[in-house]
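Dear colleague,

Please find below the structure I am handing over to you, together with its sequence.

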Amino acid sequence: MDDKPMNDFRRIQNRADIVEIVSSYVQLEHKGKNYFGVCPFHDDHSPSMSVSPDKQMYKCFVCNATGNVFTFVENFLGVSFLEAVKIVADRIGETFTVKESKEDARNKKYYDIMNLATLLYQNNLRTPQGNDARKYLHDRGLNDDIIKDFSIGISLPLPDMLYKLLSSKKIPKADMDVVGLVGEGETGPYDLFRNRIMFPLKSPTGKVIGFTARIYHGEDQAKYMNTRETLIFKKGENLYNYHLAAPAARQEKFIVMCEGNMDAIRIYSVGIKNVVAAMGTVLTKEQIALLKKLNVKVIIVMDNDAAGEISTINCGQALMKENIDIGVVRLTGKKDPDEYILEYGVEAFRDNLRNPMSFPEFMERALKKNRNLKNPTELTAYINDMLKFIAEMPDELLVDISINKLADEFHLDKDLLRSRVKNKELVTDVKVEESTPEIVNRSEKANNKFTKAFKTMLYYMMNDTDCMRMFLHYQLDLPKCKYRLVSNNLIYYFELNREIDFADYLTFTEDYPDVNEVVKEVIKDVSIPEFKPEEMESSIFIIKEILDKERINQLKKEISVELDANRRKRLLEEIIEIKKGCVKDVRN
């Protein structure tokens, strides 16, 4: 047996400082003889991993993860043991050559072709012919560092530039065909990718295996063109940006999964490097295995459209079956994360990531969508759909919580629901209990109170300059109605005259027949035996109280259906501000 590899391992391990290596990935604190940090191999919230400089070992006292400097790098970065040895060797300036796997050795010539193509495309971007493409990328907010990180380049509008380069390197055309870079036409071989921005697709270990190519001049052709599946590129076995996202995800304890490559680049460009794109596929077992290996929460952020909602459901269900922790973010206002970040900024996007919905919460909202749950048939269908979803949950505790929630919401028998879930039986009928209907319009009593206060307020405004100023001070957001016609007209009159004169105002309204009609109604209906300005303020408070309650109810309804966590937060903040205003009015 050759002892050289074992001797290499010992030499590198003896030279490597495990504390220095581990602390480059996890923050460590010195306590006594050892160092302690949050364990990256389970959902840890307090330092439970010990790193011993004397033993050159690490151990977690919760999940029992243990090993040396090589196994830490191997498990943290999700690389092979030999790749981990090379990473440690490179860090300490030692030489270590990783012997390629049989598959990598067999495919080496294809990886070399893809690397040559990538270098050509990158070089093209730096030439004068690449100015327009560089400007396009810069205008999209991608700086030179991001362009370099993602190895972005361009294919020039020449028929066979890449083919000629590869041919000059004595590469057989058959090998070019295998990797999907060259086609055959009537006049001979030609480049399949021309006049497009080239985004390399990389394997989980960072090898270029294909390309996504985008137009940038507005040409009348497909916006994107992708490498077909080849010997080295299997779409369902890769996640875009996984090789860069994996170490960042380990540190952040979550990974963002979006739909498109450009979304992933945009998210990465604003400092959120733990992001991958599913590249438009339904998650495969190979992709799920890549995510599961990270042992972190997956936050799904798909496009804000019907297709994105379906993708969220499909991806979420596939991940849930593997007992992976899932969060869901549904953005509003823009179609995808790329557009959302450009419009609202990175902090708005981060707010959503900090407050994702759980997957069961998302499914509950999605299944309730466009259903009238007051209708027994539609309610029964919804409950059956929820029971089917609950039956797929691998976590028994989550199953129990979900059943209790469903039973409490619709006053159903919990044991019956548990039985249905266990036996995967459908509910045949659900009785809709009578309940107080949700108030959409103001009640008759509240409406009478509101109208009386409004008329009283107008009467005081028409009679006293100080009362008019009081009204302007409170800045009421009055609803559209005939009485608001008078308040607006009074504001106009006051701006012209800077004081209120009752008789003069009545003459003024004669030029506004609609207003004059309502003014006569107010004078007729309001009876004030003694003029008390404090009654004006009392009327304002009554109006404000009713309007505030209506606004709060409206905001609560919006929150109940809003999927964008950042917008939900803003709506909640508005409710809090309104309530603060109510308390202030009472204290005053």
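By class, how many nonpolar, polar and charged residues does the lining of the second largest cavity have? In this predicted model, that lining has seven nonpolar residues, two polar ones and one charged one. The residues concerned are Leu120, Tyr121, Asn124, Ser155, Leu156, Leu158, Met161, Leu162, Asp191 and Phe193. Two elements, α5 (102-125) and α8 (161-168), each give two or more residues to this lining. The largest share, three residues, comes from α5. The space in the second largest cavity is about 40 Å³.

With a threshold of 30 Å³ or more, the count of cavities comes to two. The largest cavity has a volume of about 50 Å³. Its lining is made up of Asp149, Phe150, Pro200, Leu201, Lys202, Tyr240, Asn241, His243 and Leu244. Here the elements that supply two or more residues are β9 (196-202) and α10 (242-252). Of these, β9 provides the largest share of the lining, with three residues. By class, the residues lining the largest cavity divide into five nonpolar, two polar and two charged.

- Largest cavity: about 50 Å³ in volume, with β9 giving the largest share of the lining.
- Second largest cavity: about 40 Å³ of space, with α5 giving the largest share of the lining.

With kind regards

Definitions and conventions:
Residues are numbered from 1 along each chain as its sequence is written. This is a predicted model: local features need pLDDT of at least 70, side-chain atom pairs count only at pLDDT 80 or more; totals for chains, interfaces and linings use all residues. Side-chain values use heavy atoms; hydrogens and water are left out. On a 1 Å grid over the protein atoms alone, a cavity is a set of points where a 1.4 Å probe fits but cannot get out, and a pocket is an open set with protein on both sides within 12 Å along at least five of seven lines; lining residues have an atom within 4 Å of a point. Grid points are joined across faces, edges and corners, and a volume is the space filled by probe spheres set on the points. Helices (H or I, at least four residues) and strands (E, at least two) are DSSP runs, numbered from the N terminus. Ala, Val, Leu, Ile, Met, Phe, Trp, Tyr, Cys and Pro count as nonpolar, Asp, Glu, Lys and Arg as charged, and the others, Gly among them, as polar.
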